[in-house]
Amino acid sequence: EKRTGHLTVQAFPVMTVYIDKTKLPDTPLPLALPVGKHVVRLVNAERSKDETVPITISEKPVLIDRTK
């Protein structure tokens, strides 16, 4: 049985989320992901924002907050 953890991505202005190169819906986005290392990419073309965030998912919830 695969273990999963939880990631929440929130951003203002809205950003498009990619996990391990797979495009997902825009923020805010709660996700269940397999435990382990992943790469999150946050993109907002209108504001020329493109950020890559390496994360490690464990049983403890992970939050990426870009609302400030």
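Select valine 40 and show its surroundings. Leaving out residues up to four places away in sequence, valine 40 touches Leu7, Val17, Tyr18, Ile19, Glu51, Thr52, Val53, Ile55 and Ile64, where contact means heavy atoms within 4.5 Å. This is a predicted model, in which local features need pLDDT of at least 70 and side-chain atom pairs count only at pLDDT 80 or more, while totals for chains, interfaces and linings use all residues. Residues are numbered from 1 along each chain as its sequence is written, and side-chain values use heavy atoms, with hydrogens and water left out.

Valine 40 sits in strand E5, residues 36–44. Helices (H or I, at least four residues) and strands (E, at least two) are DSSP runs, numbered from the N terminus. Valine 40 counts as buried because its relative accessibility is 0%. Buried means under 20% relative accessible area, exposed over 50%, and partly exposed in between (1.4 Å probe, protein chains only).

Now colour the largest nonpolar core. Such a core is a set of buried Ala, Val, Leu, Ile, Met, Phe, Trp, Tyr and Cys residues joined through side-chain atoms within 4.5 Å. Which of its 16 residues touch the most other members? They are Leu7, Val40, Ile55 and Ile64. At least two residues of this core come from each of E1, E2 (16–19), E4, E5, E6 (49–57) and E7. In soluble globular proteins, nonpolar side chains tend to be buried together.

Stay in E5 and select histidine 38. Histidine 38 is buried, as its relative accessibility is 10%. Its side chain makes a polar contact with the side chain of aspartate 20, at 2.7 Å. A polar contact is a pair of N or O atoms within 3.5 Å; within protein, one must be able to donate a hydrogen and the other to accept it, and residues adjacent in sequence count only if both atoms are side-chain atoms. The backbone oxygen of proline 34 also lies 2.7 Å from a polar atom of the histidine 38 side chain.

Aspartate 20 leads to the next stop. E2 and E3 form a hairpin with two residues between them, and aspartate 20, in the turn, has a positive phi of about 50 degrees. E2 and E3 run antiparallel and are joined by four bridges; two strands pair if DSSP finds at least two bridges between them. Within this pair, tyrosine 18 stands opposite lysine 23 of E3.

Next, show the open sheet of three strands, whose order is E4-E1-E7 with mixed pairing. Strand E4 (29–34) and strand E7 (62–66) are the edge strands, each pairing on one side only. E1 (residues 4–11) and E4 run antiparallel, with six bridges between them. One place to look is threonine 4, whose bridge partner in E4 is proline 34.

Finish with the charged side chains. How many salt bridges are there? The count is three, a salt bridge being a side-chain nitrogen of Lys or Arg within 4 Å of a carboxyl oxygen of Asp or Glu.

- Arginine 3 and glutamate 59 form one, with the closest N and O atoms 3.2 Å apart. Arginine 3 lies before E1 and glutamate 59 in the loop between E6 and E7, so the pair ties together parts 56 residues apart in sequence.
- Arginine 41 and aspartate 50 form another, with the closest N and O atoms 2.7 Å apart.
- Glutamate 51 and arginine 66 meet at 2.8 Å, N to O. Glutamate 51 is in E6 and arginine 66 in E7, so this pair ties together parts 15 residues apart in sequence.
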